[in-house]
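I opened this entry to record what I looked up.

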Amino acid sequence: PSEMTPQQLHDLFRAHVRDEAYPYLWSEVEVWAYMNDAQEQFCRLTGGIPDSTSDLCTVEYDAGDAFVDYDRRILKLRRVTRDDRCPVEIVNDEDIQFGTRRPTPREGEVHAVVIGDDQYSMFLRDIPREDGELNLHVLRLPLEEVTGPESTLEIDRQHHLHLLDWMKALAYSKQDAETYDKGKAEEFQAAFAAYCDRVRTEQGRREHKPRTVAYGGL
């Protein structure tokens, strides 16, 4: 499928809901907000956009820091390395088996980060002696909001058309006598959720590492 610009998606939405003549049932502000939310919801339901190169994938820490904050647009940390490319272990807070909530940190180079206790920060299990940075491989939300024709859609182009389902679900949920339609809202919401579930399943298959099966003979 060809890439769709936000303006094309905007125009297609108005055509689908038969709202092409002024005064509109749905304002321009509402349509762009629906599109922005549709792209964000797609990312949330499918896992997010893979990234390791944008600015939010580099976080700095100072000597003596116990915590490092990371960007709220990050949905999941997939891999962490130090600036010397040494891998850093990602540990879930609930998996730590200690008498206290956290292990007592030791001074040294950062070898592990603990996530899960604070939503947008990592606990450094080793207190760094020197300033440094961590390089993150993440799944994230879009970097920029969709606010108008000059915006861009960051998800892969084959998914652009399906954003219409969520946009229409929001449109028909608008509390107004001329726009509210509970049945249509639920129908389009279900269609969007089903599509996102299928995308997530397909992505899982692509990322799954095949296992070698050894046969003992017939």
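My notes on the model follow.

**Ground rules.** I am working on a predicted model, where local features need pLDDT of at least 70, side-chain atom pairs count only at pLDDT 80 or more, and totals for chains, interfaces and linings use all residues. Residues are numbered from 1 along each chain as its sequence is written, and side-chain values use heavy atoms, with hydrogens and water left out.

Buried is under 20% relative accessible area, exposed is over 50%, and partly exposed is in between (1.4 Å probe, protein chains only). This core has 30 residues, and L9, F13, W26, M35, F42, L163 and M167 touch the most other members. At least two core residues come from each of α1 (6-16), α2 (28-46), α3 (163-171) and α4 (182-207). The most come from α2, which gives seven. I take helices (H or I, at least four residues) and strands (E, at least two) as DSSP runs, numbered from the N terminus.

Next I checked M167. Contact here means heavy atoms within 4.5 Å. I also found a second, separate core of 18 residues, with L56, Y70, V88 and M122 among them.

**α1 against α2.** The two axes come within 11 Å and cross at roughly 115°. Axes are lines fitted to C-alpha atoms, for helices over the stretch in contact, with angles from 0 to 180 degrees between N-to-C directions. I therefore log α1 and α2 as roughly perpendicular, the class for 65 to 115 degrees. From α1, I see P6, Q7, L9, H10, F13 and R14 meeting E28, V31, W32, Y34 and M35 of α2. The residues of this contact split into seven nonpolar, two polar and two charged. Nonpolar here takes in Ala, Val, Leu, Ile, Met, Phe, Trp, Tyr, Cys and Pro; charged is Asp, Glu, Lys and Arg; the others, Gly among them, are polar.

**D11.** I find D11 in helix α1. D11 is partly exposed at 39% relative accessible area. Its C-alpha atom is 9.8 Å from that of V31, 20 residues apart along the chain.

**H111.** I place H111 in the loop between β6 (106-107) and β7 (112-115). Is H111 buried, exposed or partly exposed? With 42% relative accessibility, H111 counts as partly exposed. Leaving aside neighbours within four places in sequence, H111 is in contact with R82, P87, V88, E89 and D126.

Notes
Core = buried A, V, L, I, M, F, W, Y, C linked by side-chain atoms within 4.5 Å. Parallel < 35°, antiparallel > 145°, perpendicular 65-115°, else oblique.
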